[in-house]
Amino acid sequence: MTVRFGVIGTGAIGTEHIRRVEHRLSGGKVVAVTDISLEAARRCIDTLRLDAQLYESEDELFQDPSIDAVIIASSGPAHEGSVLKAIGAGKYVFVEKPLATTTDGCVRIVQAEARTGRRLVQVGFMRRYDPGYRALKSEIQSGRYGAPLMVRCVHRNAYVDERYTTEMAVLDTLIHEIDIVRWLMEDEFDSVQVLYPKSTRHAHARLKDPQIFNFFMQSGVVVMAEVFVNCQYGYDIQCDVVCEDGVISITSPQFLDILHAGLRSHPLMQDWKLRFADAYDAELQDFIDHVECGDGPRGPSSVDGYIATLVGDACVSAQTSKGWVKIPQIRDPNLGGF
Ligand SMILES: NC(=O)c1ccc[n+]([C@@H]2O[C@H](COP(=O)([O-])OP(=O)(O)OC[C@H]3O[C@@H](n4cnc5c(N)ncnc54)[C@H](O)[C@@H]3O)[C@@H](O)[C@H]2O)c1
Ligand SMILES: O[C@H]1[C@H](O)[C@@H](O)[C@H](O)[C@@H](O)[C@H]1O
């Protein structure tokens with residue numbers, strides 16, 4: 001069976017996902033698209049020469065019985081409504097992070113999915129599919145380096161535009177670290193504190209940049225995560241796990257080593273598209289494969305999406321309070337065993 005996709009949101013990552021379903025992955029086809037900007041949807045169809053229906057609204061798209069699954073790649077605040085409608089229409093859902101921008105919204109999604117008695121939803125936490133993070137997890141689990149004590153994460157973007165605010169650093173950017181640390185360490189977050197170093201002159205009026213998020217995990221491990229979204233020089237993702245008997249670090253994939261004019265240099269990637277290209281391919285192929293064989297998705301679940309937003313909400317509170325903020329216990333939102 002070919003998994004027939006409808007895509008909601010044909011901006012940067014929506015277009016990338018369509019391109020990969022059409023040209024790089026197997027078993028999927030994009031048969032319909034929509035976007036709140038019909039102009040953007042039309043442009044996507046033309047640029048990628050898609051043989052796909054353009055729907056004027058997501059409601060029309062959800063009513064198309066030939067669509068098996070949807071990719072939701074609209075802006076974060078629109079996710080909850082679209083995911084709930086997709087579940088109501090019985091479609092499988094691949095939704096970009098965040099699952100929803102409020103904890104309550106995530107709970108509504110988890111509960112709606114649980115009521116169907118099937119797994120329908122996968123969240124786009126692609127780092128779980130990145131070869132570097134997978135190798136790091138298997139080294140941690142080997143036990144060769146003793147118990148992990150501290151994790152240092154760095155998440156730097158070259159620049160962001162003026163729509164990006166201090167608060168967005170959490171659900172837009174840090175949320176990747178929140179999810180990947182839970183997955184790597186098999187541990188939950190306990191408390192968070194935010195520090196603001198001197199702000200860069202490249203930050204806009206509504207953005208403090210960089211920001212440091214310090215966490216205690218429930219096991220006592222400390223996580224220090226830097227978010228710096230106007231670093232100017234490129235896309236830079238780092239993660240070091242300091243253990244009792246050694247340190248394990250992810251190295252950025254580098255494709256070139258240039259010797260020129262008395263210097264040795266490695267050109268840096270400029271954004272997420274190239275850095276995580278293999279991971280995006282792998283997460284969507286995994287989604288297609290499990291939908292195709294009727295199991296439903298097996299990747300990051302709606303509960304993972306819920307926990308990431310729950311931790312994110314505590315981080316947003318910590319941004320405006322001076323001390324440590326306790327992360328609420330994970331509510332049992334009627335998880336139904338997923
Ligand atoms: N996993 C990753 O690494 C990664 C990378 C980039 C973006 N993202 C996530 O993907 C989502 C989209 O990000 P982007 O960079 O492509 O943004 P974008 O602004 O380039 O595209 C978003 C698109 O959604 C459309 N849209 C907004 N509201 C809509 C609605 N209610 N219905 C239909 N369409 C709507 C916009 O018109 C726009 O075309 C965000 O949630 C973002 O966090 C994830
Ligand atoms: O939506 C993007 C995406 O999630 C990237 O992976 C992250 O580095 C950016 O900060 C964020 O704005």
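I started with P210, which I found in the loop that runs between β8 (189–195) and β9 (211–217). The model I am reading is a predicted one. I looked up the peptide bond leading from D209 into P210, and this bond is cis, with omega near 5 degrees.

I then turned to P98. This proline sits in the loop between β5 (92–95) and α5 (103–116). The bond from K97 to P98 is cis, and I noted its omega as near -10 degrees. I wrote both bonds down because most peptide bonds are trans.

Next I went through backbone angles. Most residues other than glycine have a negative phi. E186 has a positive phi, near 50 degrees, and is not a glycine. I placed E186 in the loop from α7 (168–185) to β8.

Q232 was my next entry. Its phi is positive, about 80 degrees, though Q232 is not a glycine. I located Q232 in the loop between β10 (222–228) and β11 (236–243). With 11 other C-beta atoms within 10 Å, Q232 is exposed.

Last, I checked helix α10, which covers residues 302–320 and has 19 residues. From first C-alpha to last, α10 reaches 28 Å, close to the 27 Å expected at 1.5 Å a residue. How many of the residues of α10 are buried? I recorded 15 of 19, so α10 is mostly covered.

Terms used
Residues numbered from 1 in each chain as written. Chains lettered and ligands numbered in written order. Predicted model: local features only at pLDDT ≥ 70, side-chain atom pairs only at ≥ 80, totals over all residues. Helix = DSSP H or I, 4+ residues; strand = E, 2+ residues; numbered from the N terminus. Expected span 1.5 Å × (residues − 1). Buried ≥ 20, exposed ≤ 12 C-beta atoms within 10 Å, placed from the backbone.
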